[in-house]
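Let's walk through this model together, one region at a time.

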Amino acid sequence: MKTRKQPNQRSRQILVLTVMTIMLMVACTKEVPGSIQQNRSTALAPSVGEAGNQSEMPAAESLRTAFQPEDQSNHQVKQEPEPSEGESNHNPIEAVLDMYEALQANDSATYFRHADIPSVRMSPAKLEVLFEEAGKREVRPERFKLFDREGLDRESRQLLSLTYGSQAEIVLEELSQGDHNLWFVTAFTDGLQVVEQSTVYPGAYELGREATMEELIAIEIQHTAEDRAFLAAKAKQPVWKPVQTVSLLYQAAQAEDADTFYAMSGGSEGYFSGQYARDMVEFTEWMKSFESVQHIPIESVPRENMAASYREEYNERFGGAWQFIVAWDPKDEAGYQGTYWIMAPSEDGTRYVVKQTLTANLEFFFK
């Protein structure tokens with residue numbers, strides 16, 4: 001009996017050890033996913049000790065950005081970052097170079113962010129020509145320089161302001177044999193834009209090869225102004241859009257340029273047909289708080305966003321082509337404070353003129 005019992009006892013011991021070993025192996029196997037899950041939880045949420053430390057928690061905005069739907073994420077990528085002081089949109093030469101970069105990339109959408117030359121906007125064929133010409137050229141930044149508009153005579157400076165805005169600049173691009181491209185650049189609410197192009201060369205306009213650059217540019221300003229007026233009359237379409245016109249009004253007010261402010265607003269046909277210099281003071285004082293019109297959000301408000309009673313009133317008073325433009329007060333981010341401008345085509349259809357304006361809390365104009 002004893003000799004038979006001992007092997008059975010050893011077998012039972014071996015069996016127990018085997019079972020314990022298997023149990024330990026299973027237990028170890030179950031701990032692996034538990035440790036992984038613990039690490040994932042730690043990555044997604046703060047521990048108990050960290051929960052009260054708000055400075056270490058991610059901001060709500062960053063969480064919304066990280067987990068936004070795919071279509072919103074794509075839209076976010078396409079949005080241009082807000083320009084800061086000192087970036088290219090404050091430099092006319094950089095604005096021209098940005099336009100060239102878009103042309104050489106055959107990118108029409110980016111081109112129209114940096115340039116809005118009316119003849120090109122109204123004729124797609126001319127844009128194709130620009131693409132073709134830019135693709136054949138090597139753009140060398142050292143060939144570009146800013147022209148000092150103060151070197152022009154008074155009449156030419158005034159015509160430059162009336163045609164392209166009180167803060168318009170001219171960028172000279174050196175070509176071969178003394179020729180130069182002239183790029184006219186001005187500021188709108190969405191940044192600097194190239195608004196016209198022409199070319200001057202020695203001996204042009206029968207001035208002789210000894211003519212100064214100031215003389216050549218003075219005559220070219222006159223010619224481009226006439227060309228733009230002819231284009232608007234032929235197309236029965238204003239060369240400046242309503243938002244651009246309002247931007248130019250703020251430019252003129254900031255420069256205290258009453259003549260340009262009056263002309264841009266519509267002259268005797270516009271809202272400021274009386275003592276316009278006195279009326280401009282409000283906008284001049286307001287612009288002293290801002291470095292540029294680029295710092296003011298100016299937008300066209302769709303009519304469907306306005307209260308029906310105002311839509312009906314303005315239809316009766318201004319016809320069917322009026323637009324409601326708002327320059328919002330950047331210091332009043334949470335409210336509706338701003339200035340509205342009702343813009344409508346002039347009698348000859350060549351420009352937008354101011355029909356009414358008011359600075360107030362504009363909430364009651366909307367639904």
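The side chains of T186 and Q251 are joined by a polar contact of 2.9 Å in this predicted model. T186 belongs to strand 3 (residues 180-188), and with a relative accessible area of 1% it is buried. Beyond its neighbours within four places in sequence, T186 touches several residues, among them Y164, Q167, L192, V195 and L248.

Now turn to helix 7 (residues 124-135). At 1.5 Å a residue, its twelve residues should span 16 Å, and the end C-alpha atoms are 17 Å apart, which agrees. Which residues of helix 7 are buried? They are L127, L130, F131 and A134. Viewed down the helix axis, these buried residues fall within an arc of 100°, so they line one face of helix 7. Their cover includes helix 4 (92-104), helix 5 (108-114) and helix 6 (118-122).

Next come the aromatic rings, where the whole structure holds 28 aromatic pairs. One of them, Y310 with Y314, is tilted, at 6.2 Å centre to centre and 40° between the planes. These two tyrosines are four residues apart in helix 13 (residues 308-318), and therefore about one helical turn separates them. Y314 is buried, with a relative accessible area of 1%. F324 and Y340 have ring centres 5.1 Å apart and planes at 20°, so this pair is stacked. It links distant parts of the chain, with F324 in strand 6 (residues 323-328) and Y340 in strand 7 (residues 337-345), 16 residues apart. Both F324 and Y340 are buried.

Y310, Y314, F324 and Y340 are among the members of one aromatic cluster, which also includes W322. Over the ring of W322 sits the charged end of R303, 4.2 Å from the ring centre.

Note on methods. Residues numbered from 1 in each chain as written. Predicted model: local features only at pLDDT ≥ 70, side-chain atom pairs only at ≥ 80, totals over all residues. Heavy atoms only, no water. Expected span 1.5 Å × (residues − 1). Buried < 20%, exposed > 50% of the residue type's maximum accessible area, 1.4 Å probe, protein only. Arc of directions from axis to C-beta. Contact = heavy atoms within 4.5 Å. Polar contact = N/O pair within 3.5 Å; in protein donor to acceptor, adjacent residues only side chain to side chain. Phe/Tyr/Trp six-rings, centres within 6.5 Å; stacked < 30°, edge-to-face > 60°. Lys NZ or Arg CZ within 6 Å of the ring centre and 35° of its normal.
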